[in-house]
Amino acid sequence: MTQAASVVSAKNLCLTYQANDAPVHALSNVDLDVRKGDFVSFIGPSGCGKTTFLRVIADLEKKTSGDITVNGMTPEDARKARAYGYVFQAPALYPWRTIDKNIALPLEIMNYPADERQKRIAEALDLVGLTGFEKKFPWQLSGGMQQRASIARALAFDADLLLMDEPFGALDEIVRDHLNEELLKLWARTNKTICFVTHSIPEAVYLSTKIVVMSPRPGRVTDIIDSPLPRERPLDIRETPEFLEIAHRVRDGLRAGHSYEH
Ligand SMILES: Nc1ncnc2c1ncn2[C@@H]1O[C@H](COP(=O)(O)OP(=O)(O)OP(=O)(O)O)[C@@H](O)[C@H]1O
């Protein structure tokens, strides 16, 4: 079998923010290869550079040194080619726009014709299970449904790469479990490549084909775990020895990164 194409490739990637008092080494010598169809989670304590890494992929921050390509291009060219959809931590929906109009906004900015917009909105709502809610305002939906609407908005351009920055962090555990299951189904149906930031070990292990463990000061990768779990995962896989073993390794990686500071 030939290896899947590289979607994100980082080599010796460094990013230093020039803060007022001292430079902040948000990413230090990061090496990572994300392949087409991977579900990659980034896990680590606050400040280890998870968001910064997604922002470099999205061309919202510029690297200081090293190399990074997205779909074989510079992040800037990839952004211009609309290589990705971005889902933020909070739903970030416009309260004065109905759900369909929120999803339409980026498509309007990109001058998609009205009929194409309608088609894409309907498809994206179907993928996240929100068909029938197009005329509701965000405040008429629960937190979980709002976050699904944000995912629909990111899916609407049909980019192969989804960047998700802790999208379910603010939701209660039951809703989160449900959305995790839904997200895996969506990933299986669409064959997208997903880069997903989380603070939760079970979430990272449940969702991912690859888990990137990071630690702060300087922000760096301490472990990369290729998951042996099958791609199809019922929620109760979380009680299996295989699952717990990976969770254990993630926890060890997080601990090792922590002891580096002392
Ligand atoms: N624009 C900026 N200017 C200066 N420092 C920044 C800037 N953005 C982030 N940082 C710093 O860079 C480091 C990495 O931040 P980043 O947001 O990538 O971490 P994170 O792992 O996503 O954290 P969290 O889990 O809290 O979201 C932190 O120390 C942060 O304070």
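Modeller: Start with a definition. A helix here is a DSSP run, H or I, of at least four residues, and helices are numbered from the N terminus. The model is predicted.

Biologist: Which residue just after α1 takes a positive phi?

Modeller: D59 does, and its phi is about 65 degrees. Now compare the end of α3. N111 sits just after that helix and takes a positive phi of about 60 degrees.

Biologist: How confident is the predictor? What is the mean pLDDT of the chain?

Modeller: The mean is 91. Of the chain's residues, 97% reach 70 or more. For the complex, the predictor gives an ipTM of 0.96 and a pTM of 0.91.

Biologist: Back to α1. Why is α1 described as largely enclosed by the rest of the structure?

Modeller: Count C-beta neighbours. A residue is buried if 20 or more other C-beta atoms lie within 10 Å of its own. In α1, 6 of the 8 residues are buried, so the helix is largely enclosed by the rest of the structure. The buried ones are K50, T52, F53, L54, V56 and I57.

Biologist: How do I read a helix by its faces?

Modeller: An α-helix has 3.6 residues a turn, so residues three or four places apart point the same way. Now take α3, residues 99-109. Its buried residues are I99, D100, N102, I103, A104 and L107. Their cover includes α4 (114-127) and α5 (143-155).

Biologist: Which elements each supply at least two residues of the shell around the ligand?

Modeller: They are β2 (23-35) and α1 (50-57). The helix α1 gives the most, with 3 residues. In total, 13 residues lie around the ligand. Y17, A26, S46, T51 and T52 come nearest. By type, the shell has 5 nonpolar, 7 polar and 1 charged.

Biologist: How many residues are in the largest nonpolar core?

Modeller: It has 68. Look for the members that touch the most others: I57, A152, L163 and C195. The largest share of this core, 6 residues, comes from α5. Both domain 1 and domain 2 supply at least three residues each.

Biologist: Take L163. Is L163 buried or exposed?

Modeller: L163 is buried, because it has 26 C-beta neighbours inside 10 Å. Its place is in strand β6, residues 161-165.

Biologist: What is L163 in contact with, leaving aside its neighbours within four places in sequence?

Modeller: Its contacts are L54, I57, A58, Y84, Y86 and C195. Follow the last of these. Not counting residues up to four places away in sequence, C195 touches V8, V34, V40, F42, L54, I57, L163 and M164.

Technical notes: Residues numbered from 1 in each chain as written. Predicted model: local features only at pLDDT ≥ 70, side-chain atom pairs only at ≥ 80, totals over all residues. Near = placed C-beta within 6 Å. Nonpolar A, V, L, I, M, F, W, Y, C, P; charged D, E, K, R; others polar. pLDDT = per-residue confidence, 0-100. Buried ≥ 20, exposed ≤ 12 C-beta atoms within 10 Å, placed from the backbone. Contact = placed C-beta atoms within 7 Å. Core = buried A, V, L, I, M, F, W, Y, C linked by C-beta atoms within 7 Å. Domains from an automatic or database assignment.
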